[in-house]
Amino acid sequence: MNPDYIFESSWEVCNKVGGIYTVLSTRANTLQQEMQDKVFFIGPDVWHENTCPYFKEDAKLLADWKKTATEEGLNVKVGRWTVPGNPIAILVDFQKYFEKKNEIYGWLWENYQVDSLHAYGDYDEASMFSYAAGLVVESYYNFALTKKDKVIYHANEWMTGLGLLYVNNKLPQVGTIFTTHATSIGRSIAGNMKPLYDYLFAYNGDQMAGELNMQSKHSIEKQTAFHCDCFTTVSEITARECVELLDKKVDVVLPNGFDNSFVPANAATFTRKRKAARKRLLEVANALLGESLDDDTLIVSTSGRYEFRNKGVDVYIESMNRLLRDKDLKKKVLAFIEVPGWVGEPRQDLKERLASGKQFDTPLEVPQVTHWLHEMSHDNVLGMMKFYDMHNRKDDNVKVIFLPCYLDGRDGILNMTYYDIILGNDLCIYPSYYEPWGYTPLEAIAFKVPCITTDLAGFGQWVNSEVGHEGELKDGVKVIHRTDYNYSEVADAIKDTVAEFSAMTKKQVTDARSAAEKLSKKALWSEFIKYYHQAYDIALGRANERFKGLKN
């Protein structure tokens with residue numbers, strides 16, 4: 001069965017905070033082509049009076065329903081998400097529901113035994129948004145749809161669980177899908193320096209939730225997994241986690257695809273943009289370091305959320321430190337860490353140097369960072385570099401620079417977006433310890449940049465299955481075997497791979513770039529959307545059975 005209407009909610013609809021934004025915003029184009037304005041993305045109105053840069057309001061869109069919704073007490077903005085496909089987006093204000101928070105949590109306990117007693121921080125905010133999203137679906141369904149319409153409500157991550165349970169309760173004829181992109185407990189175990197994989201079979205999710213002070217997030221996630229019509233996750237590695245930590249087997253694995261309309265299709269445009277990115281990266285580095293690094297420099301980077309261990313930022317720094325003394329390195333290496341930290345402001349001294357257009361032969365103070373941080377002395381990246389005495393000295397063949405801000409084109413130093421910067425790299429490195437899928441390496445190869453990842457990332461496992469062996473540079477992706485305990489071997493493998501890449505001929509590099517691009521095309525949404533159709537079919541089938549049972 002295929003749906004007539006899809007409502008999909010996430011904290012990251014029109015709200016760019018992490019990888020789920022990329023999942024939804026790139027898949028939107030494929031769904032919009034299939035559904036033609038019958039897919040509605042629901043996100044939080046965190047912008048209020050400010051303009052959302054990812055959303056364009058349209059007063060004419062769904063105007064009749066919006067009027068009714070307003071009369072019902074809902075405060076919504078209706079418009080389009082400014083991504084390829086321009087799907088309909090509904091941003092809902094959820095502030096007013098905080099005053100009835102205890103009543104909502106009471107209802108949740110009575111109907112679904114969700115423990116909200118230990119809630120703190122972002123749990124309340126996410127739950128009030130999720131409740132409001134459920135009200136939006138209920139309102140639109142009652143206004144515009146009938147029982148003949150096949151309708152899906154798709155909720156992403158624990159943050160949207162409450163809304164799914166509300167829809168399940170109030171609109172039993174609607175098929176519900178829940179996608180956990182990473183279990184809250186799995187991420188927490190990994191982030192708290194506990195070995196996740198060797199002991200996965202022995203962990204009890206409920207017990208660990210108490211130990212890690214995660215009871216409420218774990219509870220909503222687990223109950224949503226049990227009460228949705230179709231439970232899904234993004235990779236086989238996380239599917240195993242769900243069985244062990246949530247006691248629930250997933251119905252379908254939904255791998256994360258990519259929409260390559262972000263990538264310049266025209267070869268001349270691509271080359272021009274790549275040159276511009278490299279020029280800017282080298283300008284910033286040279287101004288900061290007081291160097292004259294040229295275009296022959298090997299530019300590498302890692303990026304993602306600031307999860308120091310989970311994303312492998314620690315092992316990336318370790319490998320660059322070891323590379324400093326590697327005899328096989330044939331080029332100078334400029335290694336960026338593009339991870340948003342607790343950023344203060346762009347460095348004024350660096351801005352002045354860049355504005356002058358001059359060459360400098362002395363480094364700025366603290367030549368490892370482009371923006372000042374609020375807690376310089378407590379930052380993990382700078383702390384590890386200081387511990388290893390990595391100060392980007394003149395005679396160092398490897399220079400490591402921390403870019404601790406979102407690359408949105410308005411950071412004050414680079415002033416280029418992430419997608420404009422990434423194609424300037426020669427190699428991208430993502431040595432993740434905990435990575436349910438791994439969007440960053442997929443983005444890299446879509447921009448023809450070979451990369452290094454691990455087989456603890458869902459993407460790394462997918463690459464291995466596609467190429468039929470452990471991925472190598474010549475395949476476009478080097479996949480390193482990673483376990484709970486082989487940190488040092490991983491650091492050495494990264495070091496050796498970068499040294500190997502530095503010695504490759506121009507033809508070998510071109511072949512690797514071509515292989516990367518070819519591999520990325522196997523992960524386009526046009527290839528992966530079929531798994532979503534499986535999930536829609538399962539959810540609609542189960543909703544149909546439930547509704548028939550209720551009628552009888």
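Strand 10 (residues 298–303) and strand 11 pair in the parallel sense, over 6 bridges. Pairing here needs at least two DSSP bridges between the two strands. Strands are DSSP E runs of at least two residues, helices are H or I runs of at least four, and both are numbered from the N terminus. Isoleucine 299 faces leucine 334 of strand 11.

Before I go on, the ground rules. This is a predicted model, with local features needing pLDDT of at least 70 and side-chain atom pairs counting only at pLDDT 80 or more, while totals for chains, interfaces and linings use all residues. Residues are numbered from 1 along each chain as its sequence is written, and side-chain values use heavy atoms, with hydrogens and water left out.

Back to strand 11, residues 333–338. Strand 14 also pairs with strand 11, again parallel, over 6 bridges. There, leucine 334 stands opposite lysine 399. How many residues of strand 11 are buried? The count is 6 of its 6. Buried means under 20% relative accessible area, exposed means over 50%, and partly exposed is in between, with a 1.4 Å probe and protein chains only. Both faces are covered: Val333, Ala335 and Ile337 on one side, Leu334, Phe336 and Glu338 on the other.

Contact means heavy atoms within 4.5 Å. Angles run from 0 to 180 degrees between N-to-C directions, and axes are lines fitted to C-alpha atoms, for helices over the stretch in contact.

Strand 4 (residues 76–81) and strand 5 (residues 88–92) are antiparallel, over 5 bridges. Arginine 80 stands opposite isoleucine 88 in that pair.

Is glutamate 8 buried or exposed? Buried, at a relative accessible area of 0%. Its contacts beyond four places in sequence include Arg27, Phe40, His154 and Asn156.

On to the cores. A nonpolar core is a set of buried Ala, Val, Leu, Ile, Met, Phe, Trp, Tyr and Cys residues joined through side-chain atoms within 4.5 Å. The largest has 83 residues, and Cys14 and Trp81 touch the most other members. Helix 10 (residues 267–289) gives the largest share, 9 residues. A second, separate core of 58 residues includes Phe40, Ile42, Tyr112 and Val151.

Last, a helix pair. Helix 4 (residues 122–144) and helix 5 (residues 161–170) pack at about 35°, axes 7 Å apart. Among the contact residues are Ser127, Tyr131 and Gly134 of helix 4, and Gly161, Tyr166 and Lys170 of helix 5.
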